[in-house]
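Please keep the sequence and the 3D view at hand while reading.

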Amino acid sequence: YVIAYFIALIFAFRFLYGVVGENLDAYKTSFQWGEIYRYSWPVFINILLYMVFRWTDIFMVGIYLDVDDIGRYRGCLQVVVIFELVSMSIGAAVAHQYSVLERSGDLTQAQEIFMDNVRWITLLVAPLAVLISVNSSDILGLLGTDFIQARDVLTILTLAYTAKAIGLSLG
């Protein structure tokens with residue numbers, strides 16, 4: 001299968017180059033690569049650290065607990081990932097506005113957007129936290145009967161991820 005995909009990829013590139021190959025050299029980009037890379041390095045480091053911290057707890061749990069407990073913990077993490085989705089999606093939606101307003105010097109408008117960001121995240125995350133904490137046994141029961149034992153873990157992770165989501169919006 002891999003060889004077939006690779007051969008199809010080669011034919012696709014050859015076909016595309018035959019269709020638009022003459023026009024590819026006609027367009028010259030005028031990107032300011034230095035500015036793009038200066039912006040992207042902090043983003044890259046941020047994402048890299050996020051991934052390291054995201055997986056560190058699983059490795060630490062793996063050192064001290066058995067396979068069944070690791071599976072239950074991982075199941076709980078799948079439930080609370082929604083808190084990160086809320087904070088990251090709202091943060092990504094307004095992040096560009098901060099840089100534009102900072103460059104223009106309008107810090108009061110940036111502060112208003114920031115406080116709206118905090119309010120939206122809090123309004124979305126707090127009810128989710130209550131729902132997940134109250135219904136932790138039922139939610140984990142959807143994953144299997146063995147997962148119900150981890151309802152306290154889910155409640156603790158829910159509170160921690162709620163604080164993280166609101167705290168990241170503040171930070």
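The model is predicted. The protein chain contains 6 helices and 0 strands, so its elements, read from the N terminus, follow the order α-α-α-α-α-α. With a radius of gyration of 23 Å, well over the 16 Å that the globule rule gives for 171 residues, the protein chain is more spread out than a compact globule.

**Overall form and surface**

- Along the principal axes, the C-alpha atoms of the protein chain fill a box of roughly 65 × 55 × 25 Å.
- The protein chain has an accessible surface of about 12,800 Å². Carbon and sulfur atoms account for 70% of that surface.
- Of the 171 residues in the protein chain, 21% are buried.
- Among contacts in the protein chain with a separation of 6 or more, 64% join residues 24 or more positions apart.

**The largest nonpolar core**

- The largest nonpolar core holds 20 residues. Within this core, Leu77, Val80, Phe83, Leu154 and Leu157 touch the most other members.
- Two or more residues of this core come from each of the helices α2 (33-64), α3 (67-104), α4 (107-134) and α6 (151-170).
- Helix α3 gives the largest share of this core, namely 8 residues.
- Leaving aside residues up to four places away in sequence, Leu77 touches Arg54, Asp57, Ile58, Leu157 and Tyr161. One of these partners, Leu157, is also among the core members that touch the most others.

- Arg72 is found in helix α3. Is Arg72 buried or exposed? Its relative accessible area is 13%, and because buried means under 20%, Arg72 counts as buried.
- Apart from residues up to four places away in sequence, Arg72 touches Asp146, Phe147, Gln149 and Ala150.
- Ala95 also lies in helix α3.
- Ala95 and Ile113 are 18 residues apart in sequence, and their C-alpha atoms are 9.8 Å apart in space.

**A residue of helix α4**

- Asn117 is found in helix α4. Asn117 has a relative accessible area of 7%, so it falls under the 20% limit and is buried.
- Which residues does Asn117 touch, not counting those up to four places away in sequence? They are Ile90, Gly91, Val94 and Tyr98.

**A residue of helix α6**

- Ala165 has its place in helix α6. At 2% relative accessibility, Ala165 is under the 20% limit and therefore counts as buried.
- Not counting residues up to four places away in sequence, Ala165 touches Phe83, Ser87, Ile121 and Val125. One of these, Phe83, is among the core residues that touch the most other members.
- Ala165 and Val81 are 84 residues apart along the chain, and 10 Å separates their C-alpha atoms.

How values were computed. Residues are numbered from 1 along each chain as its sequence is written. This is a predicted model: local features need pLDDT of at least 70, side-chain atom pairs count only at pLDDT 80 or more; totals for chains, interfaces and linings use all residues. Side-chain values use heavy atoms; hydrogens and water are left out. Helices (H or I, at least four residues) and strands (E, at least two) are DSSP runs, numbered from the N terminus. The radius of gyration is taken over C-alpha atoms; the globule rule is 2.2 Å times the number of residues to the power 0.38. Buried means under 20% relative accessible area, exposed over 50%, partly exposed in between (1.4 Å probe, protein chains only). Contact means heavy atoms within 4.5 Å. Accessible areas come from the Shrake-Rupley method with a 1.4 Å probe; for residues, only the protein chains shown count as cover. A nonpolar core is a set of buried Ala, Val, Leu, Ile, Met, Phe, Trp, Tyr and Cys residues joined through side-chain atoms within 4.5 Å.
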